[in-house]
Amino acid sequence: HLSYCYFPAVDLFTHTWAALRAAVADLPDQAFTQPSGCAGWLVRDLVCHLIIDAQDVLITLATPSEEPPTRDALTYWEVLGAPPAGDDALDALIVRLAAAYQEPGLLTFHLDDLGAAAGRAALLAHRDQCVATKGQVLTVGDYLDAYVLEWTLHHLDLVAYLPDAAAPPAAGLSRTRQMVEQIAGYKIPATLTDTDALVIGTGRRSPTAAQTAALGADGNRIPVFLG
């Protein structure tokens with residue numbers, strides 16, 4: 001079992017991003033029309049979203065700021081009052097864009113192309129440099145750390161209904177669990193695996209009766225819906 005301590009932020013970003021892209025590359029064509037763990041999205045829609053994510057990473061890493069940080073890896077995430085329904089304007093655009101690709105191979109080619117570039121940009125960026133995104137300023141290190149959560153949760157979304165697909169790396173699951181617990185202000189009991197803690201802790205799945213009992217009185221601190 002890999003511990004987060006072996007992975008500085010940029011390395012864990014690289015590790016989780018490479019694993020997610022490899023999992024997408026290994027999918028058979030028929031998997032792209034299967035549901036994903038994101039409400040209202042097929043796997044192809046999720047992969048299209050990852051292409052937009054890769055663009056966002058490239059844009060952010062190429063947007064240095066001289067201002068001091070206003071957010072860190074945890075406060076980068078907005079806690080929403082309800083889970084995303086998958087029907088806002090941007091989500092609807094993602095669905096139309098994904099359908100326009102027509103062939104899964106075009107989606108995977110575009111993700112591989114942009115994804116590799118985003119990965120290289122992360123390796124080249126200085127972790128103490130500040131960058132601007134979404135009207136906020138973060139260090140590169142915090143920004144990449146925040147995206148470990150993005151890659152790991154979306155990797156879980158990718159494989160939610162694909163039991164033969166590769167799971168997220170253990171180190172990414174461990175770090176993302178830690179981040180979700182810190183955002184929620186609640187330590188999820190160790191009896192829940194990292195995967196269960198994350199899908200329950202972010203509202204992707206309801207807990208079983210036994211898991212609800214294990215969560216205890218403070219279990220109402222989760223789920224947290226992140227955007």
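This is a predicted model: local features need pLDDT of at least 70, side-chain atom pairs count only at pLDDT 80 or more; totals for chains, interfaces and linings use all residues.

Student: Is helix 2 roughly parallel or roughly antiparallel to helix 5?

Tutor: Start with the axes: helix 2 (residues 43–61) and helix 5 (residues 140–159) come within 11 Å and cross at roughly 175°. Angles over 145 degrees count as roughly antiparallel. So helix 2 is, relative to helix 5, roughly antiparallel.

Student: How many nonpolar, polar and charged residues make up the contact of helix 2 with helix 5?

Tutor: On the helix 2 side you'll find V43, L46 and L50 among others, and they meet a set in helix 5 that includes Y147, W151 and L158. By class, the count is eleven nonpolar, three polar and four charged.

Student: Which helix gives the most to the lining of the largest pocket?

Tutor: This pocket has a volume of about 830 Å³, and 32 residues line it, with H49, P84, H154, L226 and G227 nearest its centre. Helix 2, helix 3 (89–101), helix 5 and strand 4 (225–226) each supply at least two of the lining residues. The top contributor, with six residues, is helix 5.

Student: And which helix gives the most to the lining of the second largest pocket?

Tutor: That pocket holds about 210 Å³ of space, and its lining includes L156, D157, T195 and V199. Helix 5 and helix 7 (194–201) each supply at least two lining residues. With three residues, the one giving the most is helix 5.

How values were computed. Residues are numbered from 1 along each chain as its sequence is written. Side-chain values use heavy atoms; hydrogens and water are left out. Axes are lines fitted to C-alpha atoms, for helices over the stretch in contact, and angles run from 0 to 180 degrees between N-to-C directions. Helices (H or I, at least four residues) and strands (E, at least two) are DSSP runs, numbered from the N terminus. Angles under 35 degrees count as roughly parallel, over 145 as roughly antiparallel, 65 to 115 as roughly perpendicular and the rest as oblique. Contact means heavy atoms within 4.5 Å. Ala, Val, Leu, Ile, Met, Phe, Trp, Tyr, Cys and Pro count as nonpolar, Asp, Glu, Lys and Arg as charged, and the others, Gly among them, as polar. On a 1 Å grid over the protein atoms alone, a cavity is a set of points where a 1.4 Å probe fits but cannot get out, and a pocket is an open set with protein on both sides within 12 Å along at least five of seven lines; lining residues have an atom within 4 Å of a point. Grid points are joined across faces, edges and corners, and a volume is the space filled by probe spheres set on the points.
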